[in-house]
Amino acid sequence: MAKYVLAIDQGTTSSRAIIFDKAGSIISIGQLEHEQILPQAGWVEHDPKEIWDNTREAIGQALSKANITRHDIEAVGITNQRETAVVWDKNTGVPVYNAIVWQDTRTQDIVDRLAADGGVERFKAKVGLPLATYFSGTKIVWILENVEGAREKADAGDLLFGTTDSWVLWNLTGGTEGGVHATDVTNASRTMFMDLKTLQWDDEILAIFDVPKSMLPEIKSSSEVYGTASGHSLLREVPIAGILGDQQAATFGQAAFGQGEAKNTYGTGNFLIFNTGTEIIHSKNGLLTTVGYKLGDAPVHYALEGSIAVTGSLVQWMRDQLGIINNASEIEDLAKTVKDNGGAYFVPAFSGLFAPYWRSDARGALVGLTRYVNKGHIARAALEAIAYQTREVLDAVNADSGVPLTELKVDGGATVNDLLMQFQADIIGVPVVRPVVAETTALGAAYAAGLAVGFWSGLDDLRSNWQEDSRWEPAMDPEDAARLLRNWKKAVTKTLDWVDDDVL
């Protein structure tokens, strides 16, 4: 029997291949960043060909670093940036346009058009989502309406759509030579096209969006063999056996399998997922209802999700656009040069505000400035913004579930920032806990794939792998935390109603 499982983590800023052993420990990592294409304000794109090329190279890097071959890999799991839409010609394998990224806001006019009859919650009872630029459905519509020849090709049955899991799976299993066109329930639940109860594409909604059903991938569970890697791959004949959208994968990697368990991932954005078990709960507090996971023929598990658009990407913006820091790790030391935020609050509504506000008219604001404020205060305000946004989402989760979380499991790149993690514990008033293996997104995809082929025997096998690494206890006076949060909420109001007909 092979010794390892390989996870492909196709993320917003990079594509990675991570090899795990049975204990859930990392053996090796291959990683390549891809270009963030920003044609104009509010537009965010990726080159799908670059993503696929990088994925193949990352697989080669991981295998080489571990000094192993495909014969040592039992299965492959895929996790991905959700909602990012790729449309390609099934006959040539060539994308008709760049991938439109989940952060992109160009489809607001399409959202408004669809919301004219029934409002933004028109389809929410069926799909769990409000009409918003975030989800991939309107991105497909934009491509069909704006890319020359796309509508004709789609109507002729020549175009395929997929989130990046489907794009990678199709290419990995042969592409134009018999590639598997499929996705899992978690990614399908982010399109606005899947009925949460039936787990099938909804014909009525597709007709309203005017998207041909022939474009869409087959919906599968999160853990089953979809196909094997093609003969052109370094992984040829290895089964591809798990797919989970990145946030669901992180939840799975945190072993939050049961009702009432939750995690918060600190990545490009922040995403808090609360497992509601086999029950669909519709939020009254600005959260999304989504699919948590489905293992083979077992019942589907649902979740509430609080999605925050800009957290880690705010640090990236300060590095790339402002040049305040040279690399992301420097922000903690810069923030430590001051004892507090100096009265400054940074609301990074670069793509509008996601949960719990869902305000596409918002734009970023740095408020409370005086001449006293320096770059250290701004760095601290940026980190604090991540924690404030998480607090607001956590309040919504607690209100919807009726059972307040007693601790918050965290993962993702920013969890190495002790200043941020301590402030997070202070502002939410409960302990923050990080696991030993912080790469929970890739681990979750590996778990799903490994379960499908018997590499792991069941969920108890996975639970035993989870180990606590660090814990931060609340240390701030609750009155101070309440004052900071009150000022944050005031700052948020300054970002609203910014976009109108004259402002991009």
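1. Contact here means heavy atoms within 4.5 Å. Axes are lines fitted to C-alpha atoms, for helices over the stretch in contact, with angles between N-to-C directions running from 0 to 180 degrees. Helices (H or I, at least four residues) and strands (E, at least two) are DSSP runs numbered from the N terminus. By these terms, H12 lies across E13, E14, E16 and E19, at about 15 degrees to E14.

2. The model is predicted: local features need pLDDT of at least 70 and side-chain atom pairs pLDDT 80 or more, while totals for chains, interfaces and linings use all residues. Numbering starts from 1 along each chain as its sequence is written, and side-chain values use heavy atoms, without hydrogens and water.

3. An open sheet of seven strands runs E15-E16-E14-E13-E19-E20-E21 with mixed pairing; two strands pair if DSSP finds at least two bridges between them. E15 (288–293) and E21 (468–472) stand at the edges with a single partner strand each, so one side of each has no neighbour in the sheet. The twist averages 30 degrees from one strand to the next.

4. E15 pairs with E16 (residues 301–308) in the antiparallel sense over five bridges. Thr290 has Ala303 in E16 as its bridge partner.
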